[in-house]
Amino acid sequence: MSLLTCKDFLNELNDYLDDATSPGLRQEIEAHLAECPNCWVICDTTRKTLRIYKGTDLYPLPSEVHQRLMEALRRKMSRSTNGS
Amino acid sequence: MQPESARSNGTDDAGLVRLAQEGDSEAFAELVARYENSIFRLARNITQNAEDAEDVLQETFLKAFEHLDEFRGDSKFYTWLVRIAVNQALMKLRKRKSDRSVSLDETFDTGEDTLVREIAVWAEDPERLYSQEELRQILASAIESLPPIFRTVFALRDIEELSTEETAQILNLSVPAVKSRLLRARLRLREKLTRYFKRKGDDVFAYL
(Lines give C-alpha, C1' and ligand atoms only; values in the text may rest on other atoms or scores of the structure.)
Protein backbone atom coordinates (compact mmCIF):
# COMPACT_ATOMS: atom_id res chain seq x y z
CA MET A 1 0.00 0.00 0.00
CA SER A 2 1.30 3.40 -0.95
CA LEU A 3 1.45 6.12 1.67
CA LEU A 4 2.07 8.98 -0.72
CA THR A 5 -0.79 11.22 -1.79
CA CYS A 6 -0.92 12.90 -5.21
CA LYS A 7 0.06 16.14 -3.53
CA ASP A 8 3.12 14.49 -1.94
CA PHE A 9 4.01 13.09 -5.32
CA LEU A 10 3.90 16.50 -7.01
CA ASN A 11 6.16 17.90 -4.30
CA GLU A 12 8.70 15.16 -5.00
CA LEU A 13 8.38 15.18 -8.79
CA ASN A 14 11.41 17.44 -9.40
CA ASP A 15 13.77 15.41 -7.27
CA TYR A 16 12.39 12.18 -8.68
CA LEU A 17 12.99 13.32 -12.28
CA ASP A 18 16.44 14.60 -11.32
CA ASP A 19 17.32 11.27 -9.68
CA ALA A 20 17.82 13.07 -6.39
CA THR A 21 15.52 11.08 -4.12
CA SER A 22 16.61 8.54 -1.54
CA PRO A 23 16.01 4.90 -2.53
CA GLY A 24 13.25 4.60 0.09
CA LEU A 25 11.33 7.61 -1.18
CA ARG A 26 11.90 6.46 -4.72
CA GLN A 27 10.17 3.18 -3.92
CA GLU A 28 7.22 4.98 -2.36
CA ILE A 29 6.92 7.23 -5.41
CA GLU A 30 7.04 4.25 -7.75
CA ALA A 31 4.39 2.48 -5.69
CA HIS A 32 2.18 5.55 -5.99
CA LEU A 33 2.79 5.79 -9.74
CA ALA A 34 1.82 2.15 -10.18
CA GLU A 35 -1.62 2.77 -8.77
CA CYS A 36 -2.34 6.38 -9.80
CA PRO A 37 -2.78 6.81 -13.58
CA ASN A 38 -3.02 10.62 -13.32
CA CYS A 39 0.30 10.97 -11.56
CA TRP A 40 1.84 8.45 -13.93
CA VAL A 41 0.80 10.60 -16.89
CA ILE A 42 2.08 13.80 -15.24
CA CYS A 43 5.40 12.12 -14.50
CA ASP A 44 5.77 10.62 -17.97
CA THR A 45 4.86 13.81 -19.83
CA THR A 46 7.08 16.00 -17.64
CA ARG A 47 9.96 13.59 -18.18
CA LYS A 48 9.38 13.76 -21.94
CA THR A 49 9.20 17.56 -21.76
CA LEU A 50 12.68 17.65 -20.25
CA ARG A 51 14.04 15.06 -22.67
CA ILE A 52 12.78 17.00 -25.68
CA TYR A 53 14.16 20.33 -24.47
CA LYS A 54 17.52 18.78 -23.64
CA GLY A 55 17.65 17.12 -27.05
CA THR A 56 16.95 20.24 -29.11
CA ASP A 57 19.27 23.23 -29.34
CA LEU A 58 16.67 25.93 -29.95
CA TYR A 59 19.19 28.70 -30.44
CA PRO A 60 22.46 27.61 -32.03
CA LEU A 61 24.96 30.48 -32.17
CA PRO A 62 24.85 31.99 -35.69
CA SER A 63 28.35 32.23 -37.18
CA GLU A 64 27.95 35.96 -37.87
CA VAL A 65 27.08 36.55 -34.20
CA HIS A 66 30.25 34.64 -33.25
CA GLN A 67 32.27 36.76 -35.72
CA ARG A 68 30.93 40.02 -34.33
CA LEU A 69 31.71 38.90 -30.79
CA MET A 70 35.30 38.12 -31.75
CA GLU A 71 35.64 41.51 -33.47
CA ALA A 72 34.30 43.32 -30.41
CA LEU A 73 36.77 41.44 -28.20
CA ARG A 74 39.66 42.17 -30.54
CA ARG A 75 38.86 45.89 -30.43
CA LYS A 76 38.62 45.76 -26.64
CA MET A 77 41.89 43.87 -26.26
CA SER A 78 43.85 46.14 -28.55
CA ARG A 79 42.51 49.17 -26.68
CA SER A 80 43.53 47.74 -23.33
CA THR A 81 47.02 46.89 -24.64
CA ASN A 82 47.51 50.35 -26.15
CA GLY A 83 46.24 52.00 -23.02
CA SER A 84 48.66 50.41 -20.60
CA MET B 1 43.20 35.06 -31.35
CA GLN B 2 43.08 31.39 -32.16
CA PRO B 3 40.53 29.46 -30.14
CA GLU B 4 41.95 26.18 -31.41
CA SER B 5 45.38 26.77 -29.92
CA ALA B 6 46.85 23.40 -29.04
CA ARG B 7 48.31 24.73 -25.82
CA SER B 8 44.99 25.96 -24.41
CA ASN B 9 42.87 22.99 -25.42
CA GLY B 10 43.87 20.62 -22.68
CA THR B 11 43.97 23.26 -19.94
CA ASP B 12 41.15 23.53 -17.41
CA ASP B 13 39.21 26.77 -16.90
CA ALA B 14 41.17 27.83 -13.82
CA GLY B 15 44.43 27.46 -15.74
CA LEU B 16 43.08 29.42 -18.70
CA VAL B 17 41.80 32.17 -16.39
CA ARG B 18 45.27 32.47 -14.83
CA LEU B 19 46.89 32.72 -18.26
CA ALA B 20 44.29 35.26 -19.39
CA GLN B 21 44.84 37.30 -16.23
CA GLU B 22 48.53 37.46 -17.19
CA GLY B 23 47.50 38.92 -20.55
CA ASP B 24 47.31 35.79 -22.71
CA SER B 25 44.60 36.65 -25.21
CA GLU B 26 44.60 33.15 -26.70
CA ALA B 27 43.67 31.74 -23.33
CA PHE B 28 40.76 34.15 -23.07
CA ALA B 29 39.67 33.25 -26.61
CA GLU B 30 39.60 29.60 -25.57
CA LEU B 31 37.32 30.47 -22.65
CA VAL B 32 35.06 32.32 -25.08
CA ALA B 33 35.01 29.31 -27.39
CA ARG B 34 34.03 27.05 -24.50
CA TYR B 35 31.08 29.11 -23.32
CA GLU B 36 29.79 31.37 -26.09
CA ASN B 37 27.17 28.84 -27.21
CA SER B 38 25.80 28.42 -23.73
CA ILE B 39 25.81 32.15 -22.92
CA PHE B 40 24.07 33.01 -26.19
CA ARG B 41 21.41 30.32 -25.72
CA LEU B 42 20.80 31.43 -22.14
CA ALA B 43 20.51 35.09 -23.14
CA ARG B 44 18.17 34.18 -25.98
CA ASN B 45 15.98 32.11 -23.68
CA ILE B 46 15.73 34.82 -21.04
CA THR B 47 15.33 37.88 -23.28
CA GLN B 48 13.29 36.15 -26.02
CA ASN B 49 14.86 38.54 -28.50
CA ALA B 50 17.70 37.86 -30.96
CA GLU B 51 19.16 41.38 -30.86
CA ASP B 52 19.14 41.54 -27.07
CA ALA B 53 20.73 38.10 -26.90
CA GLU B 54 23.61 39.22 -29.09
CA ASP B 55 24.09 42.35 -26.97
CA VAL B 56 24.09 40.26 -23.81
CA LEU B 57 26.62 37.85 -25.33
CA GLN B 58 29.02 40.68 -26.19
CA GLU B 59 28.49 42.58 -22.94
CA THR B 60 29.08 39.41 -20.92
CA PHE B 61 32.45 38.59 -22.47
CA LEU B 62 33.58 42.23 -22.62
CA LYS B 63 32.74 42.68 -18.96
CA ALA B 64 34.38 39.38 -18.07
CA PHE B 65 37.53 40.50 -19.87
CA GLU B 66 37.43 43.89 -18.19
CA HIS B 67 36.91 42.48 -14.70
CA LEU B 68 39.00 39.34 -15.05
CA ASP B 69 41.36 40.54 -12.33
CA GLU B 70 38.48 40.58 -9.87
CA PHE B 71 37.73 36.90 -10.46
CA ARG B 72 39.28 35.11 -7.49
CA GLY B 73 38.20 31.58 -8.20
CA ASP B 74 35.66 31.36 -5.35
CA SER B 75 33.20 29.94 -7.86
CA LYS B 76 33.64 28.24 -11.20
CA PHE B 77 34.53 30.63 -14.04
CA TYR B 78 31.42 29.49 -15.91
CA THR B 79 29.14 30.31 -12.96
CA TRP B 80 30.74 33.74 -12.71
CA LEU B 81 30.13 34.26 -16.43
CA VAL B 82 26.52 33.11 -16.18
CA ARG B 83 25.91 35.52 -13.32
CA ILE B 84 27.08 38.42 -15.50
CA ALA B 85 24.95 37.19 -18.42
CA VAL B 86 21.79 36.75 -16.33
CA ASN B 87 22.15 40.25 -14.89
CA GLN B 88 22.62 41.73 -18.35
CA ALA B 89 19.69 39.77 -19.75
CA LEU B 90 17.34 40.81 -16.93
CA MET B 91 18.39 44.41 -17.44
CA LYS B 92 17.42 44.14 -21.11
CA LEU B 93 14.03 42.78 -20.13
CA ARG B 94 13.48 45.59 -17.68
CA LYS B 95 14.28 48.11 -20.39
CA ARG B 96 11.72 46.59 -22.70
CA LYS B 97 8.98 46.11 -20.15
CA SER B 98 7.92 47.66 -16.91
CA ASP B 99 10.02 46.83 -13.86
CA ARG B 100 7.17 44.98 -12.33
CA SER B 101 7.08 42.27 -14.96
CA VAL B 102 10.62 41.02 -14.32
CA SER B 103 10.81 40.75 -10.60
CA LEU B 104 12.66 37.62 -9.57
CA ASP B 105 10.56 37.45 -6.48
CA GLU B 106 7.22 37.83 -8.13
CA THR B 107 4.44 36.23 -6.20
CA PHE B 108 2.39 33.65 -7.97
CA ASP B 109 -0.66 31.66 -7.27
CA THR B 110 0.39 28.63 -5.28
CA GLY B 111 -2.97 26.93 -5.50
CA GLU B 112 -2.40 23.35 -6.55
CA ASP B 113 -5.21 23.41 -9.06
CA THR B 114 -3.07 25.71 -11.21
CA LEU B 115 -0.15 23.29 -11.35
CA VAL B 116 -1.88 20.69 -13.45
CA ARG B 117 -4.92 21.21 -15.60
CA GLU B 118 -4.74 18.80 -18.46
CA ILE B 119 -3.81 15.18 -18.08
CA ALA B 120 -3.44 13.29 -21.34
CA VAL B 121 -1.12 10.51 -22.44
CA TRP B 122 1.54 11.60 -24.94
CA ALA B 123 2.73 9.74 -27.99
CA GLU B 124 5.78 7.55 -27.32
CA ASP B 125 8.12 9.76 -29.36
CA PRO B 126 6.14 12.99 -29.58
CA GLU B 127 9.04 14.87 -31.16
CA ARG B 128 8.68 12.68 -34.25
CA LEU B 129 5.19 14.01 -34.91
CA TYR B 130 6.68 17.23 -36.24
CA SER B 131 9.47 18.45 -38.50
CA GLN B 132 12.57 19.88 -36.83
CA GLU B 133 11.44 23.39 -37.69
CA GLU B 134 7.90 22.86 -36.36
CA LEU B 135 9.28 21.30 -33.20
CA ARG B 136 11.57 24.28 -32.62
CA GLN B 137 8.61 26.64 -33.03
CA ILE B 138 6.51 24.68 -30.57
CA LEU B 139 9.27 24.48 -27.95
CA ALA B 140 10.28 28.12 -28.37
CA SER B 141 6.78 29.51 -28.08
CA ALA B 142 6.11 27.42 -24.97
CA ILE B 143 9.18 28.89 -23.24
CA GLU B 144 8.28 32.37 -24.44
CA SER B 145 4.90 32.11 -22.75
CA LEU B 146 6.49 31.56 -19.32
CA PRO B 147 6.98 34.51 -16.95
CA PRO B 148 10.65 35.67 -17.03
CA ILE B 149 11.62 34.17 -13.69
CA PHE B 150 10.22 30.75 -14.64
CA ARG B 151 12.00 30.64 -17.98
CA THR B 152 15.22 31.90 -16.37
CA VAL B 153 15.18 29.13 -13.77
CA PHE B 154 14.23 26.54 -16.40
CA ALA B 155 17.01 27.69 -18.75
CA LEU B 156 19.63 27.56 -16.00
CA ARG B 157 18.58 24.23 -14.51
CA ASP B 158 17.23 22.19 -17.40
CA ILE B 159 18.91 23.64 -20.48
CA GLU B 160 22.33 24.78 -19.23
CA GLU B 161 22.23 22.07 -16.53
CA LEU B 162 23.46 24.09 -13.57
CA SER B 163 22.73 22.69 -10.11
CA THR B 164 19.91 23.97 -7.91
CA GLU B 165 22.51 25.49 -5.57
CA GLU B 166 24.35 27.26 -8.39
CA THR B 167 21.06 28.56 -9.78
CA ALA B 168 20.05 29.84 -6.35
CA GLN B 169 23.39 31.60 -5.98
CA ILE B 170 23.22 33.20 -9.42
CA LEU B 171 19.68 34.50 -8.89
CA ASN B 172 20.07 35.38 -5.19
CA LEU B 173 17.17 33.10 -4.39
CA SER B 174 16.87 30.42 -1.74
CA VAL B 175 17.11 26.77 -2.78
CA PRO B 176 13.41 26.14 -2.00
CA ALA B 177 12.48 29.22 -4.08
CA VAL B 178 14.42 27.84 -7.05
CA LYS B 179 12.80 24.43 -6.62
CA SER B 180 9.27 25.76 -6.52
CA ARG B 181 9.83 27.96 -9.57
CA LEU B 182 11.43 25.10 -11.46
CA LEU B 183 8.49 22.81 -10.67
CA ARG B 184 6.05 25.40 -11.93
CA ALA B 185 8.11 26.06 -15.06
CA ARG B 186 8.33 22.35 -15.87
CA LEU B 187 4.64 21.76 -15.28
CA ARG B 188 3.60 24.78 -17.33
CA LEU B 189 5.75 23.67 -20.25
CA ARG B 190 4.33 20.17 -19.95
CA GLU B 191 0.87 21.69 -20.07
CA LYS B 192 1.65 23.82 -23.15
CA LEU B 193 3.19 20.90 -25.00
CA THR B 194 0.35 18.52 -24.21
CA ARG B 195 -1.75 20.23 -26.84
CA TYR B 196 0.75 19.17 -29.51
CA PHE B 197 2.05 15.90 -28.19
CA LYS B 198 -0.93 14.04 -26.83
CA ARG B 199 -1.68 10.67 -28.31
CA LYS B 200 -4.27 10.81 -31.02
CA GLY B 201 -7.63 9.40 -30.13
CA ASP B 202 -7.23 9.89 -26.39
CA ASP B 203 -9.69 12.06 -24.63
CA VAL B 204 -8.21 14.87 -22.64
CA PHE B 205 -9.65 13.74 -19.36
CA ALA B 206 -9.63 10.06 -20.13
CA TYR B 207 -8.19 9.15 -16.75
CA LEU B 208 -10.17 11.44 -14.49
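Helices (H or I, at least four residues) and strands (E, at least two) are DSSP runs, numbered from the N terminus. The views below show a predicted model, in which local features need pLDDT of at least 70 and side-chain atom pairs count only at pLDDT 80 or more, while totals for chains, interfaces and linings use all residues. Residues are numbered from 1 along each chain as its sequence is written, and chains are lettered from A and ligands numbered from 1 in the order in which they are written.

**View 1. Chain A, α-α-α-α from the N terminus on.** Chain A has four helices and zero strands. Its radius of gyration (taken over C-alpha atoms) is 24 Å, well over the 12 Å that the globule rule (2.2 Å times the number of residues to the power 0.38) gives for 84 residues, so chain A is more spread out than a compact globule. The C-alpha trace of chain A spans about 75 × 25 × 20 Å along its principal axes. Buried residues (20 or more other C-beta atoms within 10 Å of their own, with C-beta atoms placed from the backbone) make up 20% of the 84 in chain A.

**View 2. The two domains of chain B.** Domain 1 covers 6-98 and domain 2 covers 103-197; such bounds come from an automatic or database domain assignment. The domain centres, taken over C-alpha atoms, are 24 Å apart. Between them, 11 residues of domain 1 of chain B are in contact (C-beta atoms, placed from the backbone, within 7 Å) with 12 residues of domain 2 of chain B. On the domain 1 side, helix H3 (25-47) and helix H5 (77-96) of chain B are the elements that give two or more residues.

**View 3. The largest nonpolar core.** This core, a set of buried Ala, Val, Leu, Ile, Met, Phe, Trp, Tyr and Cys residues joined through C-beta atoms within 7 Å, has 65 residues, and B:Ala43 and B:Ala85 have the most contacts inside it. H3(B) gives the most to this core, with 11 residues. Both domain 1 (6-98) and domain 2 (103-197) of chain B supply at least three residues each. Apart from neighbours within four places in sequence, B:Ala43 is in contact with B:Ala53, B:Val56, B:Leu57, B:Ala85 and B:Ala89.

**View 4. Helix H4 (residues 50-66) of chain B.**

Note on methods: Contact = placed C-beta atoms within 7 Å. Buried ≥ 20, exposed ≤ 12 C-beta atoms within 10 Å, placed from the backbone. Expected span 1.5 Å × (residues − 1).
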